[in-house]
Amino acid sequence: QVQLVESGGGLVQAGESLTLSCAASGILFEIKGMGWYRQAPGKLREFVATITPGGSTTYADSVKGRFAISRDNAKKTVSLQMSSLKPEDTGVYYCRVMGGRWGQGTQVTVSS
């Protein structure tokens with residue numbers, strides 16, 4: 001079984017911070033690129049950040065300087081540290097094995 005389980009979502013006020021985590025199982029995590037995506041109601045799912053097996057990262061322009069993606073290959077986890085959150089960051093955040101399976105998502109709501 002391939003499983004990706006996100007956690008850490010919640011309700012926060014604008015300007016605050018939140019960290020999301022994704023625990024992977026059933027895959028060779030150490031050789032897979034990983035990504036975070038998000039989707040707001042009525043909008044398309046959009047790219048947020050990716051990280052290669054070696055730790056190279058890419059970010060959407062909208063989150064550069066505020067979000068940081070990281071991974072721990074020994075623990076098979078990938079995290080998304082979010083700072084200076086804005087109401088427009090609100091949405092369901094999904095973890096993904098690049099080119100493969102999606103997690104179930106975790107809700108992030110940022111109030112003004």
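I took rings of Phe, Tyr and Trp (its six-membered ring) as paired if their centres lie within 6.5 Å, with planes under 30 degrees apart called stacked, over 60 edge-to-face and the rest tilted. One of the pairs is Tyr37 with Phe47, edge-to-face at 6.1 Å centre to centre and 70° between the planes. This pair links distant parts of the chain, with Tyr37 in strand β4 (residues 34-39) and Phe47 in strand β5 (residues 46-51), 10 residues apart.

The model is predicted: local features need pLDDT of at least 70, side-chain atom pairs count only at pLDDT 80 or more, and totals for chains, interfaces and linings use all residues. Residues are numbered from 1 along each chain as its sequence is written, and side-chain values use heavy atoms, with hydrogens and water left out.

I looked up exposure next (buried is under 20% relative accessible area, exposed over 50%, partly exposed in between; 1.4 Å probe, protein chains only). Tyr37 is buried at 11%, whereas Phe47 is partly exposed at 32%.

I then checked Tyr37 against Trp102: the ring centres are 5.0 Å apart and the planes at 70°, so this pair is edge-to-face. Trp102 lies in the loop between β9 and β10, 65 residues from Tyr37. Trp102 is partly exposed, with a relative accessible area of 30%. I noted one aromatic cluster made of Tyr37, Phe47, Tyr94 and Trp102.

I looked for charges over rings (NZ of Lys or CZ of Arg within 6 Å of the ring centre and within 35 degrees of the ring normal). The charged end of Arg45 sits over Tyr94, 3.7 Å from the ring centre. Arg71 has its charged end over the ring of Phe29, 4.4 Å from the centre.

I moved on to strand β10, residues 106-111 (strands are DSSP runs of E, at least two residues, numbered from the N terminus). For pairing I required at least two DSSP bridges between strands. Strand β2 (residues 10-13) runs parallel to β10, with 4 bridges, and Leu11 has Thr109 as its bridge partner. Strand β9 (residues 91-97) runs antiparallel to β10, with 3 bridges, and Tyr93 is partnered by Thr106.

Thr106 counts as buried because its relative accessibility is 12%. I found its side chain 3.3 Å from the backbone nitrogen of Gly9. Contacts of Thr106 (heavy atoms within 4.5 Å) include Glu6, Leu20 and Val92.

Note on methods:
Polar contact = N/O pair within 3.5 Å; in protein donor to acceptor, adjacent residues only side chain to side chain. Lists of a residue's contacts leave out its neighbours within four places in sequence.
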